Structure formats: structure tokens, C-alpha cells
Amino acid sequence: MSERYQPALLLEDIQHNLAAIHARMQAACARAGRSAQEVRLLPVTKTVEVDRLRTAYAAGVRQMGENKVQEAHGKWQAMGDLTDLQWCVIGHLQTNKAKVVAEFASEFHALDSLRVAEALDKRLQVLGRSLKVMVQVNTSGEESKFGLEPAQAVAFVKQLPAFSSLQVCGLMTLAINTSEESRVRACFRVLRALRDQVQQETTYAGALRELSMGMSGDFEWAIEEGATTVRVGQAIFGARALPDSHYWPAQ
Ligand SMILES: *Cc1c(COP(=O)(O)O)cnc(C)c1O
């Protein structure tokens, strides 16, 4: 699959890839009868060096998604001059790293424990910041993936209003790692149904509307199943050197 993602080094490569992805997103929205404004592209920048991130910024990128806190924090510091650039932490977080996320991130897509919610909230209160968060759900049942089991999600979300610095805005998932369309779509459908249930059964109601789902290999299916944010890395920046399992350890 990786051979499809050519390295994008120059401004025009990145511009070309962004335009192609936006066109595919629009087509997927049209197929699903959705407005293109409903779906946001979050460029995922893990392993991409700062020089190329500055090029992406020049191409118009204003949000970057990173799954490892340390890498994201270092890049935030290195690009501190770009004051309108926002950082979204999209990978599993251990409690002891929560205070770093609270310091610089605009969004956190992988909330899956009350201890992390509490640690984030505490630090955010001290800093006078707030953070958009999405709750990660393991919709594939794969043991390698983080996130709550679908059956735990509603009860979990019901506890989150206690953490007033967290703007709980949606759910996030990684679909099963297969090219079988029906099995990938099934993961996205589980997340969407859960989002609808959470809206009905918690005080967040319509404020919790985001579905962060879909990556380079499956973002069109995700959009057809209701995604509001797609997290795309390799289709913008080129293939990563190592398989994804390398980038998804606990941190
Ligand atoms: C790396 C990553 C992505 C993007 O994957 P690509 O294959 O590069 O599009 C999306 N979400 C998470 C959580 C990731 O770690």
C-alpha cells in the first residue's frame, strides 16, 4: 500500500496532494449527500521533519496532528513563531504526559481514561486554558488498539462534565487494519451509532458531534459513514519508513 504514497518534499508536491485529497473529500461528501464544509482535513505530521512542516504551513496548513506527545511538543517549540498553527494530539496518552498536552495542544483525540481526563483538567485549570477532546473508542476489537470498548463509552462520557476545562466534542476511532471495505465501514458505523447514542443520553447533546475517523487508506469510506474530521498523513507527506505498529506504542 505504501508505494502509493510518493515522498512529498517540495511546496508544489504538498499543494498537489492537499488539493487531490480535498477533491476526493468533496466527491465523498457529494456521494453521501453531505456538504463539504462538514468535513475537516487534519494533516498528520508524525515523522515529518520541521522543514517540511514549514512548507506545509506555506501551503496553507494551520492544524497538525501528532500521535506522540514528545514529538509534537518539540515541533510546537521549533515552530513557535507560527502563532496561528494549532497542534492536535491524536495518540494514546499516559497520565504523566497529560500536563505537557495541557500546555500546548488545541485538541486531544484519544481520551480513554478518567485519570487522564483528571490530569488534563487539573493542569488546564492552572494554566487557564481549555482543550477540545474526543473520546477514543476501539471499534475493531483489535488488541493492539487503544480506546474504550463501545459498551463502556456512554457511561464514560457521562463522567466528563466534572472536568470543566475539557470541551468534549466528539468520538475518535482507528478502523480495523484490513483492505476489506465492509469490515472497515463497520468500525465507522459503530462510532457513528455511539455518537448518536451519546448525544441522546448525555448532557452534551448536540455539542458532541465530531467523528474523528478515516486515514490515508480509508478516509472516503469514513466520510460516507459520517466522519467530520479525517486524519491524513501519508497521502499528504509520503509513506513513512516504518510500519504503523512502530508509531503506536503506549507513550
Ligand atoms: C498516523 C496516524 C494517522 C494517519 O495515518 P496515515 O496512514 O498517515 O494517513 C491517523 N490517526 C492516527 C491516530 C495516527 O497515528
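**Figure 1. The buried lysine K46 in the predicted model.** K46 is buried in this predicted model, since its relative accessible area is 6%, and the limit for a buried residue is under 20%. The residue is found in the loop that runs between β1 (40-43) and α2 (50-58). An unreviewed UniProt entry carries the annotation "modified residue: N6-(pyridoxal phosphate)lysine" for K46.

**Figure 2. The salt bridge between R40 and E210.** The side chains of R40 and E210 form a salt bridge with an N to O distance of 3.8 Å. R40 belongs to strand β1 and E210 to strand β7 (residues 210-212), so this pair ties together parts that are 170 residues apart in sequence. Both R40 and E210 are buried.

**Figure 3. The salt bridge between E225 and R185.** Here the side chains of E225 and R185 meet at 2.9 Å, N to O, in a salt bridge. Because E225 lies in the loop between α8 (219-224) and β8 (229-232), while R185 lies in helix α7 (residues 181-201), the pair ties together parts that are 40 residues apart in sequence. E225 is buried, with 9% relative accessibility, and R185 is likewise buried at 12%. Through shared partners, salt bridges join R31, E181, R185, R189, E224 and E225 into one network.

**Figure 4. The salt bridge between R183 and E180.** A salt bridge of 3.5 Å, N to O, links the side chains of R183 and E180. R183 is partly exposed, at 42% relative accessibility, and E180 is also partly exposed, at 41%. The model has a count of 17 salt bridges.

Definitions and conventions. Residues are numbered from 1 along each chain as its sequence is written. This is a predicted model: local features need pLDDT of at least 70, side-chain atom pairs count only at pLDDT 80 or more; totals for chains, interfaces and linings use all residues. Side-chain values use heavy atoms; hydrogens and water are left out. UniProt positions are given in the numbering used here, feature names are shortened, and annotations may be inferred rather than shown by experiment. Helices (H or I, at least four residues) and strands (E, at least two) are DSSP runs, numbered from the N terminus. Buried means under 20% relative accessible area, exposed over 50%, partly exposed in between (1.4 Å probe, protein chains only). A salt bridge is a side-chain nitrogen of Lys or Arg within 4 Å of a carboxyl oxygen of Asp or Glu.
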